[in-house]
Amino acid sequence: MIIIMGVSGCGKTTIGLALSKQLDLPYYDADDFHSQVNIEKMKNAIPLNDQDRKPWLETLAKNIKIWNEQGGGVLSCSALKESYRQILSLDNNITWVYLKGTFKLIQSRLEQREGHYMTSALLHSQFEVLEEPNYGLHINIDATPELLVSKIISKLKAYG
């Protein structure tokens, strides 16, 4: 299982979809597994806390196990804290891909995005919570999606 992680607006969905197509693996978006309560909070610019996220993370972990048994896939998931990544990694074989960008770049992307419940108003809280992993692939997002996917595939081959 490959998990594309990072703050909202870093390109997880765009890169995840393109990567899944290139690798011929199913694509999953962690946002699709949030409860309606969590979605309403985010729509109202209320940051989620660990208690809000725990059932969501546990559901994702169970699904990751199933997806791995079915041959793997690509999941886009913020996974901002190490404790969240530990829940997702429990009994799961995961390759982490961290999409890294500056606050200014990501804020400009969020301000241009329409029809998504995550707004640029919540970006500060995401950067405050973010605990960058000291493992996996770290990909700087200041390039085209095509170049980023190519770079990820190249690093995945070298990574093993």
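**Aromatic pairs and their setting**

A: Start at one residue of a helix. Gln22 sits in helix H1. Its relative accessible area is 58%, so Gln22 is exposed. Beyond its neighbours up to four places away in sequence, Gln22 touches Val149 and Ile153. Ser150 is 128 residues away from Gln22 in sequence, yet the two C-alpha atoms are 9.1 Å apart. Note that this is a predicted model.

Asp24 lies in the loop between helix H1 (12-23) and S2. Asp24 has a phi near 55 degrees, a positive value in a residue other than glycine. Asp24 counts as exposed because its relative accessibility is 70%.

Now the rings. A pair of aromatic rings is described by the distance of the centres and the angle of the planes. How many aromatic pairs are there? The count comes to 3. One of them joins Tyr28 and Trp67, with 3.6 Å from centre to centre and 10 degrees between the planes. This pair is stacked. Tyr28 belongs to strand S2 (residues 27-29), and Trp67 to helix H3 (residues 50-69). The two residues are 39 apart, and the pair links distant parts of the chain. Are Tyr28 and Trp67 buried or exposed? Both are buried.

Phe103 and Phe127 form another pair. Their ring centres are 5.4 Å apart and their planes meet at 65 degrees, so the pair is edge-to-face: the angle is over 60 degrees. This pair also links distant parts of the chain. Phe103 is in helix H5 (residues 103-112) and Phe127 is in helix H6 (residues 123-129), 24 residues apart. Phe103 has 22% relative accessibility, so Phe103 counts as partly exposed. Phe127 is partly exposed too, because its relative accessible area is 26%. The cut-off for buried is under 20%.

The surroundings of Phe103 can be listed. Leaving out neighbours within four places in sequence, Phe103 is in contact with Leu123, His124 and Phe127. Ala30 is 73 residues from Phe103 along the chain, and their C-alpha atoms are separated by 22 Å.

Ring pairs link Tyr28, Phe33 and Trp67 into a cluster. Met1 lies in the segment before strand S1 (2-5). With 11% relative accessibility, Met1 counts as buried because the value is under 20%. Leu147 is 146 residues from Met1 in sequence, and their C-alpha atoms are 21 Å apart.

One more loop deserves a look. Ala79 lies between strand S3 (74-76) and helix H4 (82-89). Phi of Ala79 is positive, about 45 degrees, although the residue is not a glycine. Ala79 is buried, because its relative accessible area is 1%. Asp24, by contrast, is exposed at 70%.

Finally, the whole chain. The protein chain has 7 helices and 5 strands. Along the sequence, they follow the pattern β-α-β-α-α-β-α-β-α-α-β-α. The C-alpha trace spans about 40 × 35 × 30 Å along its principal axes. For 160 residues, a compact globule would have a radius of gyration near 15 Å; the chain has 15 Å, which agrees. Of the 160 residues, 44% count as buried.

Among contacts between residues at least 6 apart in sequence, 76% join residues at least 24 apart. The surface comes next. The protein chain exposes about 8,500 Å², and carbon and sulfur atoms supply 50% of that area. Its side chains include 17 positive and 18 negative ones. The centres of the two charge sets lie 3 Å apart.

To return to the request: the stacked pair is Tyr28 and Trp67, both buried. The edge-to-face pair is Phe103 and Phe127, with Phe103 partly exposed and Phe127 partly exposed.

Technical notes: Residues are numbered from 1 along each chain as its sequence is written. This is a predicted model: local features need pLDDT of at least 70, side-chain atom pairs count only at pLDDT 80 or more; totals for chains, interfaces and linings use all residues. Side-chain values use heavy atoms; hydrogens and water are left out. Rings of Phe, Tyr and Trp (its six-membered ring) pair if their centres lie within 6.5 Å; planes under 30 degrees apart count as stacked, over 60 as edge-to-face and the rest as tilted. Helices (H or I, at least four residues) and strands (E, at least two) are DSSP runs, numbered from the N terminus. Buried means under 20% relative accessible area, exposed over 50%, partly exposed in between (1.4 Å probe, protein chains only). The radius of gyration is taken over C-alpha atoms; the globule rule is 2.2 Å times the number of residues to the power 0.38. Contact means heavy atoms within 4.5 Å. Accessible areas come from the Shrake-Rupley method with a 1.4 Å probe; for residues, only the protein chains shown count as cover. Lys and Arg count as positive and Asp and Glu as negative; His and the chain ends are not counted. The place of a charge is taken as NZ of Lys, CZ of Arg, CG of Asp or CD of Glu.
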